[in-house]
Amino acid sequence: MHRQKDVNPVYRDLSQPVEKRVDDLLARMTIEEKIGQMCQYSGFNEKHEALLRKGRVGSFLNVTGVENTNKVQKIAVEQSRLGIPLIFGLDVIHGYKTIFPIPLGLASTWDPDAVKKAASIAAKEAASEGTHWTFAPMVDIARDPRWGRIAEGAGEDPYLGSVMAKALVEGFQGANLSHLDTVVACPKHYVAYGGAEGGRDYNTVDVSERVLREVYLPPFKAAVVDGGAGTVMSAFNDLNGIPASANRYTLTNILREEWGFEGFVVSDWNAVGELMSHGIAGTPAEAAKEAVEAGVDMDMCGDIYQKTLDQLVREGKVSEETVDEAVRRILRIKFKLGLFDNPFISPERAGEVILCKEHLDAALELARKSIVLLKNEGNLLPLKTNLDSIAVIGPLADDHEAPLGPWACLGDLENVVTVLEGVKAKVSSNTKVLYAKGCEIEGTGTEGFEEAAEKAKAAEVAIVVVGENRDMSGEAASRSSLDLPGVQEELVKTVLDTGTPVVEVLMNGRPLSISWSAEHVPAILEAWFPGIQAGYAVADVVFGEYNPGGKLPVTFPRTVGQVPIYYNHKNTGRPPSSERFTSRYLDLPYTPLFPFGHGLSYTQFEYSNLRIEPASMKVDGAIKISLDVKNVGDRKGDEVVQLYLRDVVASVTRPVQELKGFKRVTFEPGEKKTVTFTVSSRDLAFVGRDLKWIVEPGTFKVMIGSSSQDIRLTGSFEVEPS
Ligand code: BGC
């Protein structure tokens, strides 16, 4: 093996600034080595090893564990000419081994600090086993629950989505990337991937510049500009005619020039190669040129850069400066992560942190916070722990798999607590717990109904756990129906027909159209996929040890026919009403089944005393909005106080309401607190007629409430020209 003569090169000198180290290293690299940094492969095999020894691999994904990562890193560091360390990436989406609720559940907490903590725990566990980089957070806004990937994001709202995006990035990356407990974040899928037509994954997206900037881009901006994310993943989809992974406008003009992003962009899996299927490239070389010139620095699993870029450079079709710039961005992150100085991982750390008590406690806390009480007629919930008998029924009641969700990373089934286990752990020793599966999640078999009915009949109350299996959401998991799959709704009916009071617990990765249940079942909890502590969290809520305070980050439609349905819609020229010639359906109410922001509690909150100070502001000023909230019930509980605004008259049509602030606050019984929001021009801006951000003078309506529909206080303020 041939080594540089220079025994102490600048790039190895920890005391030198990162930019100097990058420049020094770049100057030593051959074109093949440069392109190597731009190539990422999944897993590790002989072919990869040969490339790695030649310095022709920059990153692996799905190489995990201390032993594996150290083994592969050793080849890079000790056996390639320049010894450039690898960056190991992995989908650490909602936990590494300690699995938290799916991201849609995390968003339901409306608690960015708790979510940040979850991400920092995931980072700590992943980093302890040699992962440097997570392909998260997914910050795609989704207004179409047919799209299975809605499970992976924060739902439909750009404001909530932005708050969550920033929290997750900060949690993963910590204060300093070189710290051993952090991983670099990769907000994805840039951009507008969630706008897939028909909710069909990977499908075409065609959105206006205004919708792109007001709805789809804000969470990315929050992740990159406010959160400081080090990398970004370019998406699979075609965006307004130009695939996202060949889109210079979004990848360079917006991301780098407007936002000042200095990290690197990795393509989604073979998204560079897929430029040929999109039909904007005829050959792999054309695909590579399109992607690299648009601003995709690393080719995930496509092998396209590896095979074509050096020739493109030699022929002058792609400039060496373009390659240098991409490599510079990649190396910059590797230096910031401290990989040159600390390429290996010590085996002790993992044992200390993975699945430790603190992490399990946090997973329980997040799961409890994520649960949304959709309905609670006659205060059926909470149940007493000393009932004589409880039936726990349903295909998800004792399922160890589903609670992990679609992206469970290295989560183990054996660590999952099911609802049945959670209930058994919680009830008194005299309570009989009867269990029946009833049916499968999918399929038509009803043989188990009889047993389910018998068990329900014999019990004082029945908890029925229904929903989706973990593969029904996530990637390539679009559905054309939002109903409960299989015969589960019939199972719920069968149990309800016994006359025993029913609590329905939903586990699913998307809003479901549970209109029948919503009308007939007295109590319904949305638990999403709650992670490994699922059963304890559900039981804590069911038995009132924890008072639910989660809120929906996404609208629940009555049927799939209402999709897309979202709270921040436009008013139209004929707002829906009972009149015929208005924007409505003949065969269905236009209102949602459960609105965005909805979620009940075992206590009640009273809102009063709205103050808006001052009563007007300049376009570049700020205003303070405060109110009093009192817990008027007799239980401790959390309320998510939500602030919505409406720009009443503007030069372009504006949504009927837009979330602009929220606070999750804990109240003791009888406790009253003042909640304050500051609204600044940033919250009032929209994309004007000339497609530039603008704040227009005029009246803004203020709506404060417990959900987007349950508005308790209203007021207004004026914006004056500056
Ligand atoms: C997904 C990404 C993921 C990547 C790597 C792709 O198929 O779209 O979200 O990060 O695979 O696993």
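# Reading a ligand shell and a domain interface

In this predicted model, the shell around the ligand is made up, by class, of 7 nonpolar, 1 polar and 5 charged residues.

Q: How many residues surround the ligand, and which are the closest?

A: The ligand is surrounded by 13 residues, and the closest of these are D91, R149, H189, D268 and E475.

Q: What part of the area that the ligand exposes when taken alone does the protein bury?

A: Taken alone, the ligand exposes 310 Å², and the protein buries 94% of that area.

Q: Where do the domains of the protein chain lie, and what separates their centres?

A: The chain is divided into domain 1, covering 362-558, and domain 2, covering 605-720; their centres, taken over C-alpha atoms, are separated by 34 Å. Domain 1 brings 8 residues to the contact, and domain 2 brings 9 residues.

Q: What is the area buried between domain 1 and domain 2?

A: The size of an interface is often expressed as the accessible area that is lost when the parts come together. Between domain 1 and domain 2 about 640 Å² is buried, with carbon and sulfur atoms giving 39% of it. On the domain 1 side, N547, G549 and K551 lose the most area to domain 2, and together they account for 66% of what that side buries.

Q: Which side chains meet in a salt bridge, and how many residue pairs are in polar contact between the domains?

A: The rule finds 1 salt bridge across the interface of domain 1 and domain 2, and the side chains of E639 and K551 meet in a salt bridge at 3.3 Å, N to O. Between the two domains, 6 residue pairs are in polar contact, and the residues on the side of domain 1 that touches domain 2 comprise 2 nonpolar, 4 polar and 2 charged.

Terms used: Residues numbered from 1 in each chain as written. Predicted model: local features only at pLDDT ≥ 70, side-chain atom pairs only at ≥ 80, totals over all residues. Heavy atoms only, no water. Domains from an automatic or database assignment. Contact = heavy atoms within 4.5 Å. Buried area = accessible area lost by both parts, 1.4 Å probe. Salt bridge = Lys/Arg side-chain N within 4 Å of Asp/Glu carboxyl O. Polar contact = N/O pair within 3.5 Å; in protein donor to acceptor, adjacent residues only side chain to side chain. Nonpolar A, V, L, I, M, F, W, Y, C, P; charged D, E, K, R; others polar. Near = heavy atom within 4 Å. Areas by Shrake-Rupley, 256 points an atom, 1.4 Å probe, with all protein chains shown as cover.
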